[in-house]
Amino acid sequence: VQLQAYGGGLVQAGGSLRLSCAASGRTFSNYVMAWFRQAPGKEREFVAAISRSASSTYHVDSVKGRFTISRDNAKNTVYLQMNSLKPEDTAVYYCAGSRQNTGWGIDFGRVPWYDSWGQGTLVTVSS
């Protein structure tokens with residue numbers, strides 16, 4: 001599946017942004033979807049994941065209560081609603097998709113588990 005992320009931008013601390021990731025080319029609902037981010041000079045880190053049917057989600061502790069991952073399979077789109085943004089949230093955000101049938105809850109935080117990646121969208125949070 002081809003993925004295209006958008007919705008990043010410059011926002012003040014405490015503000016909100018909604019990232020979107022549009023999928024095309026294959027059956028979107030066959031993919032577990034996730035968001036990762038990469039700050040300058042740091043490794044890519046897992047942010048959140050959502051199951052194929054959206055029945056399950058997972059958010060890392062650093063964003064829990066502030067970010068929400070969701071998906072609309074009819075629109076082939078996954079979202080990341082980001083509230084109460086902090087300067088440390090500044091990063092390039094990537095959406096990713098996986099067709100793996102095993103690994104939910106175990107491997108879904110690992111970069112190699114995903115076989116499709118979007119191009120990234122930059123989020124900058126000013127203090």
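At 28% relative accessibility, Asn-76 counts as partly exposed; the label covers whatever falls between buried (under 20% relative accessible area) and exposed (over 50%), with a 1.4 Å probe and protein chains only. We're looking at a predicted model here, where local features need pLDDT of at least 70 and side-chain atom pairs count only at pLDDT 80 or more, while totals for chains, interfaces and linings use all residues. Numbering starts from 1 along each chain as its sequence is written, and side-chain values use heavy atoms, with hydrogens and water left out.

Asn-76 sits in the loop between S7 and S8. These labels are DSSP runs numbered from the N terminus: E for strands (at least two residues), H or I for helices (at least four). The backbone is worth a look, too: phi of Asn-76 is near 55°, a positive value in a residue other than glycine. Most residues other than glycine have a negative phi.

## A four-stranded sheet

S1, S3, S8 and S7 make an open sheet, in that order, with antiparallel pairing. S1 and S7 are the edge strands with a single partner each, so one side of each has no neighbour in the sheet. On average, neighbouring strands of this sheet are turned by 15° against each other, direction ignored; the axes are lines fitted to C-alpha atoms (for helices, over the stretch in contact), and angles run from 0 to 180 degrees between N-to-C directions.

Pairing means that DSSP finds at least two bridges between two strands. S1 and S3 are joined by five bridges, and Tyr-6 stands opposite Ser-20 in S3. Between S3 and S8 there are six bridges. Arg-18 faces Gln-81 of S8 across the pair, and Ala-22 does likewise with Thr-77.

## The nonpolar core

The largest nonpolar core holds 37 residues, and Trp-35, Leu-80, Met-82, Tyr-93 and Tyr-114 have the most contacts inside it. Such a core is a set of buried Ala, Val, Leu, Ile, Met, Phe, Trp, Tyr and Cys residues joined through side-chain atoms within 4.5 Å. Strands giving at least two residues each include S1 (2-6), S3 (17-24), S4 (32-38), S8 (77-82) and S9 (91-98).

Leaving out residues up to four places away in sequence, Tyr-93 touches (heavy atoms within 4.5 Å) Leu-19, Trp-35, Phe-67, Leu-80, Met-82 and Val-123, among others.

Arg-66 lies in the loop between S6 (57-59) and S7 (67-72), and with a relative accessible area of 10% it is buried. What does its side chain reach?

Ser-84 belongs to the loop between S8 and S9 and is partly exposed at 40%. Its phi is positive, about 50°, although it is not a glycine.

## Ser-53

Over in the loop between S5 and S6, Ser-53 is exposed at 55% relative accessibility. Its side chain makes a polar contact of 3.0 Å with that of Ser-55. The term covers a pair of N or O atoms within 3.5 Å; within protein, one must be able to donate a hydrogen and the other to accept it, and residues adjacent in sequence count only if both atoms are side-chain atoms. Ser-53 and Asn-30 are 23 residues apart in sequence, with 8.8 Å from C-alpha to C-alpha.
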